[in-house]
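This briefing concerns the structure displayed below. It is arranged by topic and is intended to be read alongside the sequence and the coordinates.

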Amino acid sequence: MSFPAPKSMSVGPKLRFGPFEADLENKELRKHGTRIKLQRKPFQILECLLQRPGQLVMRNDLAQLLWPGMHVSFDRSLNTAVNALRRALNDTSRNARYIETRTGLGYVFLASVDEVGGALGGRAEAGIQLVHSNAGAAGTDIPQDCLKGRYFCHKLTEEDLHKGVAHFNAALAHDPNCAFAYAGLADAYCLSALLNMASPGEIYPRAKEMALKALHARQDLGDAHASLATVKRLFEWDWAGAEAEYLTALVLSSNAPMIHQAYGAHLAATGKTEEALRELRRSEEIDPLSAMINVGVAWGLYVARDFQAASEQCWKVLAMEPKFGAAQYTLGLAYAQMGLTEDAVVELRNARTCAGDQPAVLAALAYVHACAGETTEAAGMLDELENLAERRHVSPYWLAMVYTGAGDAARALELLARAYEQRDVWLTWLGVEPRFDALRGEPGLQELLRSIGLAE
């Protein structure tokens, strides 16, 4: 079998996670000391996952463990065993605390694991293990709370972003000079701006502060330079400064997938398509199982106007993570550009279901309906977007998108000018976003691009 090896764990007879304790010798599961009834095969799955916390355990390997030598279909039986284990843990696949499903691949145990009375030494070897950069001095390990912070932030939902920030703050509570945590917080603030969780004016000072604190703590940390580069790109529109910081980050951390992705996004936004796709593909090579990395490639293909390839890349992501809203959103955009209006609407509605009422998603739906001449539907979505703006921050950028689809160039340019006054982070994509192609001949758009530093 090809199970990943346990991570340097001297596994004793009892392992503890959350309120649970698994007695591997007697094959018993207890919660707060009370025995939980669990059949043999679900317990075997639990034992396997506990010995490999944070690692992907493949379905085929579990099947061979539970039914050695069988050559018949095991899918239904394995699903039944995993569901029985989830019921015992009071866990769900939708909001997993312990067992996360990697669709079509296998399962990852999310929680930290301690050996009861053993030599595990706390939680240093347990918990979510993610691909990380080779930044910093040799032998430096990223704190587990920082890895967990990245894990949740990369799910790209508001709820998970809050969880990620909480983990970064937990890392700082343990080590107030943790450069990884400061860099993670800077990245989280940048993501919160992209999700319209607050105005750029509110988010920018905190993002810049965290990036600078990361650099002050560790000048040799590639992640810190990359975080500062992203702040310069999104909020300051300092393209040369961002380029310099990204290149420094890559010198320090040449094998860090997120740095390659961030630099690829920078190149894509500035119209350097071939270089951008090369960096994005490199990030995918390093971490092929990351949904966020893969959807970054899809977005790069979308703004490069290779809509067929973008849609195929999105389906690749959705094969791993069927409810990943960012992939559904990008797929919907690609379909719209291919003239597949009905398919685009279906995928964007799926994105709304999984990601919530994000301004970007509502605007995309309104835009698609407007372009298709479905004025009633477009007006209804625009009303929803404007009502949402009464309860939370909604950038004028998204309203401009809708009016562009409706053919109202004057109103769209007026709203883009308001987004410029707010220094909205999405304006960094204005030079390459296909949905604004109808405005390319407008002098107002060209003037705006020059002001941002993106003159065509």
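This is a predicted model: local features need pLDDT of at least 70, side-chain atom pairs count only at pLDDT 80 or more; totals for chains, interfaces and linings use all residues.

**Sheet and hairpins**

Phe-17 has Phe-20 in β2 as its bridge partner.

- The open sheet is formed by 5 strands in the order β4-β3-β2-β1-β8, with antiparallel pairing.
- Its edge strands are β4 (34–36) and β8 (114–115), each of which pairs on one side only.

*Strand pairs*

- β1 and β2 run antiparallel and are joined by 4 bridges.
- These two strands, β1 and β2, form a hairpin with 2 residues between them, and Gly-18 in the turn has a positive phi of about 55°.
- β2 and β3 are likewise antiparallel, with 4 bridges joining them; Phe-20 stands opposite Lys-31 in β3.
- The hairpin of β2 and β3 has 4 residues between the strands, and Lys-27 in its turn has a positive phi of about 55°.
- Strand β3 (residues 28–31) is joined to β4 by 3 bridges, and the two run antiparallel. Arg-30 has Arg-35 in β4 as its bridge partner.
- In general, side chains in a regular strand alternate between the two faces of the sheet.

**Helix across the sheet**

- Helix α1 (residues 40–50) lies across β1 (14–17), β2 (20–23) and β3.
- The angle between α1 and β2 is about 105°.

**Helix pair α4 and α6**

- The axes of helix α4 (residues 144–153) and α6 come within 10 Å and cross at roughly 10°. Because angles under 35 degrees count as roughly parallel, α4 is roughly parallel to α6.
- The crossing in which α4 passes α6 is left-handed.
- Cys-146, Arg-150 and Cys-153 in α4 meet Phe-180, Ala-181, Ala-188 and Leu-191 in α6.

**Nonpolar cores**

- The largest nonpolar core has 119 residues, of which Phe-235, Tyr-329, Tyr-397, Trp-398, Leu-416, Trp-429 and Leu-430 touch the most other members.
- Helix α6 (residues 179–194) supplies the largest share of this core, 12 residues.
- Leaving aside residues up to four places away in sequence, Leu-430 touches Leu-416, Phe-436, Arg-440, Leu-445, Leu-448, Leu-449 and Ile-452.
- A second, separate core comprises 30 residues, among them Ile-45, Leu-78, Leu-85 and Val-113.

Technical notes
Residues are numbered from 1 along each chain as its sequence is written. Side-chain values use heavy atoms; hydrogens and water are left out. A nonpolar core is a set of buried Ala, Val, Leu, Ile, Met, Phe, Trp, Tyr and Cys residues joined through side-chain atoms within 4.5 Å. Buried means under 20% relative accessible area, exposed over 50%, partly exposed in between (1.4 Å probe, protein chains only). Contact means heavy atoms within 4.5 Å. Two strands pair if DSSP finds at least two bridges between them. Axes are lines fitted to C-alpha atoms, for helices over the stretch in contact, and angles run from 0 to 180 degrees between N-to-C directions. Angles under 35 degrees count as roughly parallel, over 145 as roughly antiparallel, 65 to 115 as roughly perpendicular and the rest as oblique. A crossing is left-handed if the near helix is turned anticlockwise from the far one by less than a right angle, and right-handed if clockwise.
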